[in-house]
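Please consider the following structure.

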Amino acid sequence: MSGNDTTFVRETLAPARKAPVVTTGFVGFLRTRLFNSPLNITLTFASAVLIWFALEPTIRFMLIDAVWTGTDRTACLADQAGHPVGACWPFIQAKFTQLIYGFYPEDQRWRANLTFALAALLLAPLLVPKIPGKTLNAGLFFIAFPFLAFFLLRGGGLDGFVFYWLAELFGSAWKPSLTRFWLDFSLTATFAMASMILLGGGWKNGRRAGLSTALTFAGIAVVIVALHLDQGGLPVVDTRQWGGLLVTLVVSITGIAASMPVGIALALGRTSRIPLLRIFSVAFIEFWRGVPLITVLFFATYMLPLFLPGDFTIDALVRVLVGIALFAGAYNAEVIRG
Amino acid sequence: MASAPRRPPFRPLARFARALSGGTGWKGIAGQLLFAGLLVWLMSGIVINAHTNLQAQHIASGFGFLSGTAGFSVNQALIRYSEADTYLRVFEVGLLNTLLVSIIGIVFATLIGFAVALGRLSPNWLLARLSEGYVEIIRNLPLLFQLLFWYLAVLAALPNPRQSLSVFGLAFLNNRGFVVPHVMPEPGAGAFVVAIVAAIAASLLMAFYARRRLYRRGERLRVWPFALALLAGLPILSIVLFGAPVSFDLPVLRGFNFAGGTRVTPELVALAIALSTYTAAFIAEVVRGGLLAVSKGQMEAGASLGLSRPAILRLVIIPQAMRLILPPLTNQYLNLTKNSSLAVAIGYPDLFSVFAGTALSQTGQAVEIIAMTMAVYLAISLVTSALMNVYGWHIGRSQRA
């Protein structure tokens, strides 16, 4: 047994191996992600066939067989176009404004445009964390904007301000007039300012609160003058004339905003220690979550008017909004609780 | 010497008060009384208003209308129904139609959903992108839109009966619906069903016995060949002895339409496709989330025990994923059932469409009909939720143990 037996040492160079399969680049991608096993090859081809069956008719309908120009419905007939007809784009062109505004009167459409431009203008800075003045911005968007949007979209004016409504509540409202309206307004503003200063801790500490109240009322006055709310306001557009994207946006934005407080209240109620509150919240949430939205809408349309006093009518759009707010509120509550 | 902690004195009144107030003292009880008073005031206001309004509109309240004659026809009824039947019968027909489309939808949604989830997790790039595109497109379009798309753009554009799309000459798809062979029971049906039930029961018993033996003595019994033989053999034996269980009445084109066979209405086809594809996209995300939530270490642990990949999936991954998947999956099933009420848009005679639609507009009994319809959906939801809670409690217990 010798110590220098070197039979295990290789005497010749190992034969050169083949270069490894390319796994990078386009070819490598095909190899590793699409065609690396018989199963995967089958899946790739099956997927390609599926995509073809979905895309081919769509493209044919939307682009190749489509009619692009025309003035009336005859343009979209097969013998007029000379080939089987797919999409009829002139129709969409002709009805486009109706899809956006419904039957909102044509000369009043600037109001809808202005409302949504304002909404976008107020919402955009709220979404960027860096921009300062969030409190003012949120206040404008969540409190001031809904009122403005109401008077812009629906129209109509104000008979009086806070004192007028209080008087009406006690059944002794006066006959509205322009001077009385502004008297009411300035009285309300003075009262609000005085109480803000008092609540803020006297003139010394409450000055700022009083000043911001005054500014708020100045803003309200500007809006009232701009929209002529004291003189009947913009012409009323009944909600039955609204339609299209306008209603979609109004319902979804109002629904999102209104369901939030409902959801927070229900979530707090459900986690509360007080038994009655908890039972009520659980029952309320489970009820709305257990029924389809369409029954809720039917409920709002057919049953809500029955539940209100006879002389009290409620707009159809508002009924739907109430239904959606309650429905979405119950769903929000579960998300907020979790 | 430490003494045992003294038991608190038994004061039932105080304990009762604490339970009532949820531990917030008398203030809490007062608040609750105020809240209860508010609720009672609201409810009484609603009831009184509803009563006066109904009287003003001369609408009789109560459920007496249910025995009145409906007088309208329904184009799909699983039970015998004619125009001379009562509103109660209409309610039953609608309920059965709702359950039918829900069950069909649930079966297909589960199949498609699991397939798409696996597709999205697949290493195959094209398949993963395809599944992803499916999920994103379907989830971001409203269900009502998809329903109308299938009904108006796809099914209505199919050829007329004479140029039907044929499925192996057995079933035919055209713009009047889907014509499939009609299944008719024969005398051998009873024996056939008994044979199948017996075969399943025997197979389950064998599997149970084999598992017990494996756990007790660590011996593996090979049962599946016997089970397979039983499952295939017993029904065949019954056919040989008692004759075929069913016969098929094949649809044949005669004139302008099909004779024989059963016609599945286009409404049902559209609704089933829309509901199952829509819910499948949500189920796919639920399943994918559940599978991804099982940590990678579990897979590696299984591999280091020497388990094969299918065994790891079956014994380690899926049991843990199922625990996470099942609650949201049930939620999706409930959503599907509730969404089936959108059938009213295409005229499929489900509960909502025939009862809260046609029957409501004929009788004007809004309160009773909406309440009954809501109660049905609510009952389905609450029973399923209760079952899920029991299951969750069971899972929680087994996790603690």
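The points below are grouped by topic.

This is a predicted model, in which local features need pLDDT of at least 70, side-chain atom pairs count only at pLDDT 80 or more, and totals for chains, interfaces and linings use all residues. Residues are numbered from 1 along each chain as its sequence is written, while chains are lettered from A and ligands numbered from 1 in the order in which they are written.

**Chain B as a whole**

- Chain B contains 12 helices and eight strands; helices (H or I, at least four residues) and strands (E, at least two) are DSSP runs, numbered from the N terminus.
- With a radius of gyration of 29 Å, well over the 21 Å that the globule rule gives for 401 residues, chain B is more spread out than a compact globule. The radius is taken over C-alpha atoms, and the rule is 2.2 Å times the number of residues to the power 0.38.
- Along the principal axes, the C-alpha atoms of chain B fill a box of roughly 90 × 75 × 50 Å.

**Helices α4 and α8 of chain B**

- The axes of helix α4 (residues 125–139) of chain B and helix α8 (residues 266–293) of chain B come within 9 Å and cross at roughly 120 degrees. Axes are lines fitted to C-alpha atoms, for helices over the stretch in contact, and angles run from 0 to 180 degrees between N-to-C directions.
- In α4(B), B:Y134, B:V135, B:I138 and B:R139 meet residues of α8(B), including B:T277 and B:Y278; contact requires C-beta atoms, placed from the backbone, within 7 Å.

Terms used. Two residues are in contact if their C-beta atoms, placed from the backbone, lie within 7 Å.
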